[in-house]
Amino acid sequence: MYNSTRLAILGVAHSPTSIFDPAATPARSAFGLSMLVLSVTLAIFLTVGGMLLYAVIRFRQRPTDSDREPAQIYGSNQIELSWTVIPILIVVMLFLSTTRVILDTQAAPKPSDALNVTVIGHQFWWEYRYPKLGVVTANELHVPISDPAKPTPTYLALSSADTDHSFWVPRLAGKTDLIPNRLNTMWIDPQSPGLYLGQCAQYCGTQHAKMLLRVYAQSPEDFAAWIKQQQRPAEPDLSGNAAAAEGQTVFMHSACINCHTVAGTVATGRFGPDLTHLASRDTIASGPVQNTAENLRQWIADPNSMKPGVLMPSMHLNDHDLDVITAYLTTLH
Ligand SMILES: [Cu+2]
């Protein structure tokens, strides 16, 4: 029993989205604050509950009791003062600690060399733009890890293209909403490399549940290499790959280009995810689908079968066109 409870608690702590396992400064300070509030309120609960339990048992009615009410105490200044002053002190203490965490997180001065990423929420996927670096990608956010001795935080500027969404990667920071025509900001500074998961935390429509978040925290070298690769235009070498070459032609002549961008081509649509480096991503459809050739093909044939309510229509392509478009997309590294 003890062991299974312990395992359950450890399991929660080690789940990839556990708030009990913070891995960046904003999440860590929110975690510290919640533990403080929890311990204060737990102490109050135990004191009040304990006294109540004691009174209920100690002063319960016994068969030998008379029917008269026991003597009542009125107007003890000491008792009244203590139950007024102590709670006020507790509330002031909680207020000050909360204010400090809010200021530390929201009013932290931004280093001039901080990495800026613009995050745009869409039904039902994430657009990430690195304005100073000329990189645009979707669904998989890459950031450098931050060394506490020389912090390199990533600042996110969040907005929405349609309705409200909310960016929540519990191990990195609290939630921040993405609201149309408004710019919200937040920052993260993961300290160890790894994949941090999250989920859109504001109901935004049918596929809200499959609007997952993936943050790849990388060493400075790995991050620089990733940026360099994303900055390259998509120039797949299609000379030895007839299917992909044909797929490129079909793609460029179909409605795909109204919604998708492949940098350096006629495809400049912005309604759907940028596909310039699609093949460099682990997943498609904002997290729930592994980026394999079979999945890509099924996605293009009928996105609704993988993500019901999705805003990409089925283009009713024939098997041949599906094959060649898939072949083309898998070359977009
Ligand atoms: Cu959403």
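Let's start with two helices. The axes of helix α5, residues 242-252, and helix α9 come within 7 Å and cross at roughly 105°. That angle lies between 65 and 115 degrees, so α5 and α9 are roughly perpendicular to each other. Keep in mind that this is a predicted model.

Who makes that contact? From α5, the residues are A243, A244, E246, G247, Q248, V250, F251 and M252. From α9, they are H320, D321, V324, I325, A327, Y328 and L329. By class, the α5 and α9 contact holds ten nonpolar residues, three polar and two charged.

Helix α9 has another partner. Helix α7, residues 293-301, packs on α9, residues 319-329, at an angle of about 130°. Their axes are 9 Å apart. An angle of about 130° makes α7 oblique to α9. The crossing of these two is right-handed.

On the α7 side, the contact uses A293, L296, R297, I300 and A301. On the α9 side, it uses D319, L322, D323, I325, T326 and L329. Two names come back here. I325 and L329 of α9 touch α7, and I325 and L329 also belong to the contact with α5. The classes for α7 with α9 are seven nonpolar, one polar and three charged.

Now to a pair earlier in the chain. Helix α2 covers residues 25-58, and helix α3 covers residues 77-106. Their axes come within 9 Å and cross at roughly 170°. The cut-off for roughly antiparallel is over 145 degrees, so α2 is roughly antiparallel to α3.

The α2 residues in this contact are P26, S29, A30, L33, L36, V37, V40 and I44. The α3 residues are I90, M93, L94, S97, T98, V101 and T105. How many of the residues between α2 and α3 are charged? There are no charged residues, with eleven nonpolar and four polar.

Next, the metal. Which atoms coordinate the copper ion? They are ND1 of H165, SG of C200, SG of C204 and SD of M211. The distances run from 2.2 to 2.6 Å. The angles among the four donor atoms are 93 to 126°, and the site is tetrahedral. For reference, the ideal angle for four tetrahedral donors is 109.5 degrees.

Along the chain, the copper donors follow the spacing H-x34-C-x3-C-x6-M.

F124 is in the loop between β1 (115-122) and β2 (125-130).

Where is S286 found? It is in the loop between β11 (283-284) and β12 (289-290).

Definitions and conventions. Residues are numbered from 1 along each chain as its sequence is written. This is a predicted model: local features need pLDDT of at least 70, side-chain atom pairs count only at pLDDT 80 or more; totals for chains, interfaces and linings use all residues. Side-chain values use heavy atoms; hydrogens and water are left out. Axes are lines fitted to C-alpha atoms, for helices over the stretch in contact, and angles run from 0 to 180 degrees between N-to-C directions. Helices (H or I, at least four residues) and strands (E, at least two) are DSSP runs, numbered from the N terminus. Angles under 35 degrees count as roughly parallel, over 145 as roughly antiparallel, 65 to 115 as roughly perpendicular and the rest as oblique. A crossing is left-handed if the near helix is turned anticlockwise from the far one by less than a right angle, and right-handed if clockwise. Contact means heavy atoms within 4.5 Å. Ala, Val, Leu, Ile, Met, Phe, Trp, Tyr, Cys and Pro count as nonpolar, Asp, Glu, Lys and Arg as charged, and the others, Gly among them, as polar. Donors are N, O and S atoms within 2.8 Å of the metal (3.2 Å for Na, K and Ca); water is not among the atoms, so sites may look incomplete. Four donors count as tetrahedral if all angles lie between 85 and 135 degrees; four count as square planar and six as octahedral if opposite donors are over 155 degrees apart and all others between 65 and 115; anything else is irregular.
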